[in-house]
Amino acid sequence: MPLAIDADDLAGTPAGLARLAPLTAALATAAAAGLRDRTGPLPARTPAEFAEQVRAELAAGGGVLPDAGRGAAAVVDLIRRYATGAVDLADPGAAAHLQPPTLGVPAAVEAIVAALNASVDTWDSGPYAVEIERHVVRALADRLGLPGTADGVFTSGGTASNLHALLIARGAVADRLAAGARPVVFCSAVAHFSVSRACAVLGLGADAVHTVPVDARYRLRDDLLAGALAGLAADEVPVAIVATAGTTDFGSIDPLPACAELARRYGCRLHVDAAYGGGAVFSARLRGLLAGIAAADSVTLDLHKLGWQPAPASVLLVADGADFAPHRVDYLNPADDGAAGYDGLLDRSALATTRRADAVKVAATFLALGADGLGALLDRCHHLARYAQRRIEAEPRLELAAGATLTTVVFRHRGPDPDALNGRLRRRLLRTGAALVGRTTIAGRGVHLKLTLLNPAARTVDVDDLVDAVLAAGDQEREAA
């Protein structure tokens, strides 16, 4: 079938879906060609060089919004160039962020979901999508051991899920806050920045966040949390304890049972930010790290991390579905429609009305691979991280800061002025496109590098290549200094 693009074409019709197949195949072929045109996880350009390249390419075709469309050929060319200039997450040298290469099943499903363009806010905007989200939420709640009253909602990411969780927590103490009590939210010193951002957005104030020091393995110290709770002033009200199951930098898991006990004792909510580590629930080897999570009032879980889904695929789960405040809008979910069973998921979402049918790609992955299949992917990545830890420990030019709890390893190149050295060597790797490694700063210890290993197809030899690239770049920077 020849490629044709017409402004009147509608993707979500039988004829439109039939036309989608050859166009999708042509775009996939172009993207594959673009990836073959390069080496390494990133284009070998500085940001300024890359910006100029994109500007010139678009200008040559009349800009990104020409008066007259240029048809399928222009789209195919765009996607080939996009693939040439995109980060190649499937390259074993891509190891910087919690951004995995996606699985083929959910990526293919995304095209159909986009074409049909359902929304789950109302039942009549996507009946099957509404029901699938309910089933996926229930399956995840069951896996985590949450009670039968549990419910949940898909969101745009962990930041949105954490914001929604703290919105619910704020509502639980609204009367005391209205009477003048000062809110306090506890989290570890290495918790995700979205906790303080959420408190600022919700009007609690960023200063409502009280960070608790961590132990040598970067886990919240529950003894200090207990002391902080006991020491609250009479006019301070604990809104929530936010425990992290998989910190972004270290993969560390806070002591969830102790946090749950303290939340019960002091009458506040326990929210577990398991955006990263929640995927351990699929692994027989690692699910024990989540012991105690079943006692949480709410849980954030990002399947676009250790679920290998195209983003977005974040879920907020709550132990009691009544936490989702009923909200009726006459043109969307009037009460009589709801009484007749025509309710969508508008009540679940506090942050969005129109919501994509993101649960469909997740359901497709679950059906294709099962929990055991996803667990096997995580186990491979965990094995690579443990190998990386051993390799770093064996290198005298490198210094390990945090080993592999999940799939991250934090370390740095030794040398004079290590903060500047490690910053420069990472930029050297970026500039050459040879490797993509992460960067973080550890309080009191300075700039460090991070390997975030989320590619289950990578091998230990690829880890060796990453470590060798870091060593070589560090040596070159030391010689150039």
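**Exercise 1.** How much space lies in the largest pocket, and which residues lie nearest its centre?

*Solution.* Begin with the volume: in this predicted model, the largest pocket holds about 1,200 Å³ of space. Next, turn to its lining, which is made up of 45 residues, and pick out those nearest the centre, namely Leu27, Ala31, Ile79, Tyr82 and Ala107.

**Exercise 2.** Determine which helices each supply at least two residues of the lining of the largest pocket, and describe that lining by residue class.

*Solution.* First, list the helices that meet the condition of at least two lining residues each: they are helix 1 (14–36), helix 3 (71–85) and helix 4 (104–116). Then ask where the largest share comes from; helix 1 provides it, with 11 residues of the lining. Finally, sort the lining by class, which gives 33 nonpolar residues, seven polar residues and five charged residues.

**Exercise 3.** Carry out the analysis for the second largest pocket, giving its volume, the residues closest to its centre, the contributing elements and the classes of its lining.

*Solution.* The volume of the second largest pocket comes to about 630 Å³. Its lining consists of 27 residues, and Leu58, Arg70, Ala74, Asp77 and Leu78 are the closest to the centre. Moving on to the elements, helix 2 (47–60) and helix 3 are those that give two or more residues to this lining, and the largest share, 10 residues, belongs to helix 3.

Methods:
Residues are numbered from 1 along each chain as its sequence is written. This is a predicted model: local features need pLDDT of at least 70, side-chain atom pairs count only at pLDDT 80 or more; totals for chains, interfaces and linings use all residues. Side-chain values use heavy atoms; hydrogens and water are left out. On a 1 Å grid over the protein atoms alone, a cavity is a set of points where a 1.4 Å probe fits but cannot get out, and a pocket is an open set with protein on both sides within 12 Å along at least five of seven lines; lining residues have an atom within 4 Å of a point. Grid points are joined across faces, edges and corners, and a volume is the space filled by probe spheres set on the points. Helices (H or I, at least four residues) and strands (E, at least two) are DSSP runs, numbered from the N terminus. Ala, Val, Leu, Ile, Met, Phe, Trp, Tyr, Cys and Pro count as nonpolar, Asp, Glu, Lys and Arg as charged, and the others, Gly among them, as polar.
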